[in-house]
Structure formats: C-alpha cells, structure tokens
Amino acid sequence: MDSDVSALLHDARQLEHHELVGLVHELLRILSDDAESESSEIENAWDEEIRHRLAELETGAVATVNGPETIALARAELAKHRA
C-alpha cells in the first residue's frame, strides 16, 4: 500500500464516527462522479458511432444484410477458421 494511503488511513482512524461517515460519503460521491463521467464518455462514443453508421447507410456506403443472411455469413466465416 502506498505510504500516502497508509497515512490517510491512519488519520481516518483518528476521526470521530460522524466525521468518518462524512468522509466515506464524500469518497463515494467522488467515485460516483467518476463513474458518471466515464459513463457519459462511453455514451458519447456510442452516439458518435451510431451517427457514423447511420450516415454510411444513408449514403449507400454500406448495404444492409437481413438476419438469416447475417447468420449464414457468420457461420461460413467460422467454418473457414475451423478448417
């Protein structure tokens, strides 16, 4: 464990119960904010990917493939790699 973290833990053990509870709540809030920020970044990346794929469909740069055809293509690819 990092010496800074050890020092923080040592100091935390000296806190009154209500102070420690406040510290824990603040640490959890920080973690929650970080998770929300990360989630937002992921969501933004997916939004961009969706816009990109939709533009490809609308311009005709890519063609759609129906479900059964997709499964057949996937099976054919798997078969090539198994041989």
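Helix H1 provides the largest share of the lining of the largest pocket, namely five residues. The model described here is predicted. This briefing covers that pocket, a nonpolar surface patch and the salt bridges.

**The largest pocket**

- The largest pocket holds about 180 Å³ of space.
- Its lining consists of Val5, Leu8, Leu9, Asp11, Ala12, Leu15, Leu20, Leu23, Val24 and Leu27.
- Two helices, H1 (3–13) and H2, each give at least two residues to the lining of this pocket.
- By type, the lining residues of the largest pocket divide into nine nonpolar and one charged, with no polar residue.
- Asp11 is the charged residue in this lining, because Asp counts as charged.

**The nonpolar surface patch**

- A nonpolar patch on the surface is formed by Leu15, Leu20, Leu23, Val24, Leu27, Leu28, Ile30 and Leu31.
- Together, the residues of this patch have about 640 Å² of accessible area.

**Salt bridges**

- Side chains of opposite charge can pair when their charged atoms come close.
- There are five salt bridges in the structure.
- Glu26 pairs with Arg29 in a salt bridge whose closest N and O atoms are 2.5 Å apart.
- Both Glu26 and Arg29 lie in helix H2 (residues 17–59), where three residues, about one turn of the helix, separate their positions.
- Glu26 has a relative accessible area of 34%, so this residue is partly exposed.
- Arg29, at 40% relative accessibility, is also partly exposed.
- A network of salt bridges links Glu26, Arg29 and Asp33.
- Further along in the numbering, Arg51 and Glu48 form a salt bridge, with 3.2 Å from N to O.
- Arg51 and Glu48 are both in helix H2, three residues apart, which is about one turn of the helix.
- Glu48 is partly exposed, at 47% relative accessibility.
- Glu49 and Arg53 form another salt bridge, and their closest N and O atoms are 2.7 Å apart.
- Glu49 and Arg53 also lie in helix H2, four residues apart, about one turn of the helix.
- The relative accessible area of Glu49 is 29%, so Glu49 counts as partly exposed.

Notes:
Residues are numbered from 1 along each chain as its sequence is written. This is a predicted model: local features need pLDDT of at least 70, side-chain atom pairs count only at pLDDT 80 or more; totals for chains, interfaces and linings use all residues. Side-chain values use heavy atoms; hydrogens and water are left out. A salt bridge is a side-chain nitrogen of Lys or Arg within 4 Å of a carboxyl oxygen of Asp or Glu. Buried means under 20% relative accessible area, exposed over 50%, partly exposed in between (1.4 Å probe, protein chains only). Patches are made of residues with over 30% relative accessible area and no salt bridge: like charges are joined within 9 Å, nonpolar side chains (Val, Leu, Ile, Met, Phe, Trp, Tyr) within 5 Å. Accessible areas come from the Shrake-Rupley method with a 1.4 Å probe; for residues, only the protein chains shown count as cover. On a 1 Å grid over the protein atoms alone, a cavity is a set of points where a 1.4 Å probe fits but cannot get out, and a pocket is an open set with protein on both sides within 12 Å along at least five of seven lines; lining residues have an atom within 4 Å of a point. Grid points are joined across faces, edges and corners, and a volume is the space filled by probe spheres set on the points.
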